[in-house]
Structure formats: structure tokens, C-alpha cells
Amino acid sequence: MFGKRGPETSQPAPVPRAPISVEAPPLAPVISAPAARARQPEPAPPPPAAARERPDSYYETKSRVFAALIDTIDLSQLARLETEAAREEIRDIVNDIIAIKNFAMTIAEQEDLLADICNDVLGYGPLEPLLARDDIADIMVNGARQTFIEVAGKVQEAGVRFRDNQQLLNICQRIVSQVGRRVDESSPICDARLPDGSRVNVIAPPLAIDGTVLTIRKFKKDKLTLDQLVNFGAISPEGAEILQIIGRVRCNVVISGGTGSGKTTLLNCLTRYIDTDERIITCEDSAELQLQQPHVVRLETRPPNIEGEGEITMRDLVKNCLRMRPERIIVGEVRGPEVFDLLQAMNTGHDGSMGTIHSNSPRECLNRMESMIAMGGFSLPSRTVKEIITGSVDVIVQAARLRDGSRRITHITEVLGMEGDVITTQDLFVYDILGEDTRGRLQGRHRSTGVGRPAFWDRARYYGEEQRLARALDAAEVRSEGVA
């Protein structure tokens with residue numbers, strides 16, 4: 001239909017042979033019913049990474065078929081079709097090319113080839129099967145020939161690779177162009193996102209010596225909730241109840257944790273308990289947060305253009321959103337001087353604001369906030385900075401990724417005030433590691449520290465949540481005594 005060169009695609013021979021090579025009707029009587037039933041379930045579970053490795057001859061054939069397809073198909077006509085119709089058209093033409101050129105391929109190889117080429121033309125190429133798997137948390141592409149994935153907290157090599165470095169760079173450009181950004185030699189570093197909110201980072205040559213490096217932090221199709229985190233053991237039921245109350249009564253919250261500890265996931269969980277009638281403004285480097293409320297304004301930073309101009313920083317966004325009549329401000333990740341503007345917002349009527357910070361403990365989180373304010377060039381006395389922090393932040397929630405790959409909420413900590421020149425805090429919940437099982441999985445427990453009246457008790461009473469808070473704290477103490 002869309003062939004540019006009529007003689008090849010209009011030959012009568014390929015037409016009957018193409019379906020035979022795919023569906024293989026002559027072989028149907030030979031295959032027994034049990035064998036057919038045994039073969040049907042194979043595509044359902046995701047195959048292990050090692051099973052997806054293919055020989056070099058497969059990639060050579062794929063390269064030749066792809067070149068013939070590009071030479072044959074009319075891309076401008078193809079672009080007018082719906083995705084499924086375009087896939088069918090590509091499959092028909094590829095079947096014709098295979099039949100004309102007499103490539104020696106098994107049925108399984110031909111099906112793999114058809115799927116791969118459709119993904120190359122219409123999607124993200126070899127990334128498509130990885131993006132379709134919901135059990136993968138991270139995809140790390142280190143050049144065209146090496147790809148790693150994280151599954152269940154452990155990194156393993158995936159048996160997929162790209163045709164060459166140019167194909168990998170083309171796919172990266174396709175991803176970043178969807179959010180109005182670019183990646184090339186003149187602008188080799190780029191942050192972007194996929195349509196589902198998954199975070200993307202690209203660093204291209206000449207900065208990446210062995211080829212373009214692509215990192216994708218995948219988001220699950222089904223967004224996690226606090227109840228699911230309880231099922232996973234990330235937090236106890238009583239701890240989850242207290243986190244719900246913290247979100248509901250508009251405590252100012254900072255979520256602290258290391259890379260890959262689940263800070264953004266936890267922030268998404270907490271935002272579910274914000275009232276639907278509140279105006280929320282989010283500020284992010286790449287928009288990842290998936291808020292369920294109807295009145296949400298999403299802001300995103302902008303990198304400088306090729307002339308080095310036009311950059312919009314996180315601090316610019318936070319300062320501007322103060323003029324947009326927000327009720328809550330949520331900063332996806334605080335990395336620098338914008339922490340000062342966020343603290344000022346928390347302290348001037350925007351209760352319930354939230355943000356995340358990279359740090360390994362609640363105490364280190366407070367120190368990092370001081371350091372980031374100093375990085376901004378603010379010539380304020382140390383005590384004044386600490387007073388701003390204690391007057392703004394109510395609760396620090398610490399997330400951690402343990403050495404066995406599991407993720408846990410290790411602290412729910414209140415910021416109380418000052419004693420001399422030291423910020424005082426108190427833990428409501430902590431996670432204790434007790435040992436590990438025979439499979440190397442760490443065993444531990446969440447326990448209450450016995451605080452019966454948190455500092456945000458009056459705030460909970462203002463919102464009518466004091467009875468619920470008291471029940472959660474009592475239940476937590478009973479559970480802690482039972483497992484002691």
C-alpha cells in the first residue's frame with residue numbers, strides 16, 4: 001500500500017509465501033495438540049534476561065531487512081495511520097521482504113524480527129519489551145551493546161542491544177523531543193520523562209566515551225498506595241496510619257533518602273491524603289508526580305538553550321509559585337538554594353508543603369538543608385538558619401534501600417525546636433534490623449518509640465483527627481511490646 005518501489009512489493013510470489021512463513025499452516029497437522037498447548041503460554045511470563053540474547057547473525061539480518069524497509073516504505077503515508085494499522089502495514093511489508101530475499105529464519109525468529117522492527121519504527125526499539133514489564137524498576141543502557149535492569153532490588157544484565165550507537169541516540173532524541181528538549185553533541189546532557197511519568201536521563205558523546213548512556217527510572221502502571229507499602233513490609237499498619245494523618249492535617253513534610261530509596265513513590269503516596277478542594281502547585285525538574293486531586297498545577301524547570309540562555313531554575317519556579325495563590329507547594333526534589341524559598345513558603349501560610357532531599361538520616365537531612373542555604377550565598381547566622389528550619393519543617397520521613405534490595409521507611413521524626421544552637425528532634429517510629437534469613441533477606445521490625453503525644457497533636461485536634469491519632473499510637477505501642 002505504501003511502497004515506494006512497485007516492482008518489489010507487487011511481485012506475485014511473496015504474497016502467498018508471507019503468511020506461510022508466519023503462520024506455518026503446512027506444519028499444523030504435524031504438531032500434536034499437547035505440544036501446541038505447551039507452546040501457547042510461553043509469551044505470558046517475562047522471559048529471563050539470558051533467554052533474550054540473540055546471535056550476531058540475527059542482528060545482521062535485522063539490519064538488512066530494516067534498510068530494505070526504509071527504502072521501500074513511504075513514511076509520510078505511514079505517519080497518517082493509527083498505531084495498530086501502521087504495525088500491520090509494516091508487518092506485511094517485512095514479510096514480503098523476507099520472502100523476496102529468501103532469508104533463512106525460523107518462525108520464532110521471524111516473529112521476533114517483526115516485533116523488533118515495528119518497535120524500531122513506531123516505538124522505542126529494543127526498550128519496548130523492557131518498558132512493558134512492570135517488574136522492572138530501572139533500565140540502564142551503557143552504549144549500544146550493554147543494557148542492565150533492576151528487578152526486585154537487584155541489578156542484572158538484560159539480553160537486549162541496539163543496532164548501533166546511532167540507533168540508540170535516535171531513540172534518545174525521540175524520547176526527549178516529546179517534552180521539547182534535545183540531546184546532541186552541543187547539548188549532551190538532558191533530563192526528560194516518558195508519557196507515563198518515568199524519569200529519563202541521557203548523556204551522549206563526547207561526554208559518554210563508550211556511547212550514549214540512557215537511564216530510565218520506571219514508574220509502575222498501578223500507582224502504589226500506603227496500604228501496598230504495608231503489604232510489602234515498608235512500613236507497619238500503625239505507621240501508615242500516622243503518615244495518613246500527617247498528610248491530612250497539613251504538616252510540613254520533608255522526605256529524606258538515598259538514591260533509589262523510594263522518595264518519589266512515598267511522596268506520591270502521601271499526596272493521596274490531601275483534600276480535593278486544595279490548590280496544589282508542584283515544581284519538578286522532570287514532571288514525575290501523579291497527583292489525584294482535581295486542582296493541581298504542574299511546573300517544570302527548563303535547561304538553557306544552545307546559546308546558554310533561557311534557563312528556568314527550580315528556585316525560579318518556587319519563587320513564582322508563591323504568586324499563584326497556592327495552598328500547598330510540593331517540590332519534587334530539593335537540590336540547592338531553592339530550599340530557602342521552600343522553607344519560607346512553609347513558614348508563611350502554605351502549611352502542608354512537601355519536598356524530598358537526598359540524605360541518609362533525619363539529622364543529616366537537617367544538616368544538608370543548612371548547607372544548601374549556605375550554597376545560595378545567604379549571609380545569615382547559623383542560628384538564624386536553624387530557627388528558619390525548625391519553624392518550617394514539622395516531620396522528616398526517612399526512606400532507605402537496604403542491602404538486600406528491599407525498601408523500608410526507617411524513621412518518622414518530628415522537628416521540635418532549638419536547645420542552644422542544636423536542633424532537637426524526636427522519633428515517632430524507627431525500623432530495627434534484627435538479622436537475615438537463609439535467603440539473605442534482612443529481617444526487621446517497625447517499632448514505636450513510645451511517644452504518646454506528638455508535637456503536631458494540637459494540629460491533629462484542629463482537623464478532628466486526634467482520636468484517630470491516639471488509637472494509632474496506642475496500637476503501635478501494643479505491637480512494639482508484643483514483638484519486644
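Cavities. I counted one cavity of 30 Å³ or more. On a 1 Å grid over the protein atoms alone, a cavity is a set of points where a 1.4 Å probe fits but cannot get out, and lining residues have an atom within 4 Å of a point. The volume of the largest cavity is about 40 Å³, taken as the space filled by probe spheres set on the points, with grid points joined across faces, edges and corners. I listed Lys223, Leu224, Asn268, Arg272, Gln290 and Gln292 as its lining. By class the lining has one nonpolar, three polar and two charged residues (Ala, Val, Leu, Ile, Met, Phe, Trp, Tyr, Cys and Pro count as nonpolar, Asp, Glu, Lys and Arg as charged, the others, Gly among them, as polar).

Ground rules. I noted that this is a predicted model, in which local features need pLDDT of at least 70 and side-chain atom pairs pLDDT 80 or more, while totals for chains, interfaces and linings use all residues. Residues are numbered from 1 along each chain as its sequence is written, and side-chain values use heavy atoms, with hydrogens and water left out.

Sheet. I traced an open, antiparallel sheet of six strands in the order β3-β2-β1-β6-β5-β4. Strands are DSSP runs (E, at least two residues; helices are H or I, at least four), numbered from the N terminus, and two strands pair if DSSP finds at least two bridges between them. β3 (154-158) and β4 (189-193) each have a single partner strand, so one side of each is left without a neighbour in the sheet. From one strand to the next the twist averages 15°, with axes as lines fitted to C-alpha atoms and angles from 0 to 180 degrees between N-to-C directions. Between β1 (residues 136-142) and β2 (residues 147-151) I found five bridges; Ile139 has Ile149 of β2 as its bridge partner.

Salt bridges. I counted 27 (a side-chain nitrogen of Lys or Arg within 4 Å of a carboxyl oxygen of Asp or Glu). Arg181 pairs with Glu300, with closest N and O atoms 3.9 Å apart. Arg181 lies in the loop between α9 (165-177) and β4, Glu300 in strand β9 (residues 296-300), 119 residues apart. Arg181 is buried at 13% relative accessibility, whereas Glu300 is partly exposed at 26% (buried is under 20% relative accessible area, exposed over 50%, partly exposed in between, with a 1.4 Å probe and protein chains only).

Conventions. On a 1 Å grid over the protein atoms alone, a cavity is a set of points where a 1.4 Å probe fits but cannot get out, and a pocket is an open set with protein on both sides within 12 Å along at least five of seven lines; lining residues have an atom within 4 Å of a point.
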